[in-house]
Amino acid sequence: MKLRKTRITSTGQPEFEHFWHIYNESFPEIERKNLNGIKIALSKDKFHNELVFSENNPVAILSYWLYPGFCYLEYIAINPSEKGNGLGTNILGSLLEEVSQPVILEIEHIVDETTRRRLNFYQRMGFIPNPQHNHMQPPYQQGFELLPMLLMTYPAEISESEYLEFYKLLTTEIVEI
């Protein structure tokens, strides 16, 4: 399957509507930035927000932050009508090759079959759970509390000092409300 990515740098781009639809369909409100939060992120050079197409159909979104020493994968989501076609494996595999540095992501704690499948997917892709950090995602919107999440890293666990560096950037640059 031939995929192409378009980087979205503004909410005014025609592709942003497709991104926004997949984003809102894929993540619960507590894990999403509001429109203003997305606008702030889009203004940052380190933020890469991409809409993935198969032919001319928008099939996925990929949002990540590139810092010296690591990549933070904030969002990856497949359009619900396209799930089960290997797109997640293809898109994530390409990202891991492109960035050639450690990748950090967060997933919900394992509470049901959906969260178990998500954990298994990332583990098949080479990610390692890092429960030792007791990670709490900062609130993405006013009115929400810290959210316990499982930190996963590729290709190896991260040290406490690496985690603290990541968390500082997460709370000072990545999550701004």
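User: A nonpolar core is a set of buried (under 20% relative accessible area, 1.4 Å probe, protein chains only) Ala, Val, Leu, Ile, Met, Phe, Trp, Tyr and Cys residues joined through side-chain atoms within 4.5 Å. In the largest one, which residues touch the most other members?

Analyst: Heads-up: this is a predicted model, where local features need pLDDT of at least 70 and side-chain atom pairs 80 or more, while totals for chains, interfaces and linings use all residues. Numbering runs from 1 along each chain as its sequence is written, and side-chain values use heavy atoms, without hydrogens or water. Of the 29 residues in that core, the ones touching the most other members are Ile-61, Tyr-72 and Phe-166.

User: Which element gives this core its largest share?

Analyst: Going by DSSP runs (helices H or I, at least four residues; strands E, at least two; numbered from the N terminus), α1 (16-26), α2 (35-42), β2 (47-54), β3, β4 and α5 each give two or more residues. The largest share is five residues, and the element behind it is α5.

User: Which residues of α5 are buried, and how wide an arc do they cover?

Analyst: The buried ones are Tyr-163, Phe-166, Leu-169, Leu-170 and Ile-174. They sit on the same side of α5, because their arc (directions from the helix axis to the C-beta atoms) is only 125 degrees.

User: And which α5 residues are exposed on the other side?

Analyst: What covers the buried face includes β3 (57-67), β4 (70-78), β5 (103-107), β7 (136-137) and β9 (150-154). On the other side, the exposed (over 50%) residues are Ser-161 and Lys-168.

Conventions:
Contact = heavy atoms within 4.5 Å.
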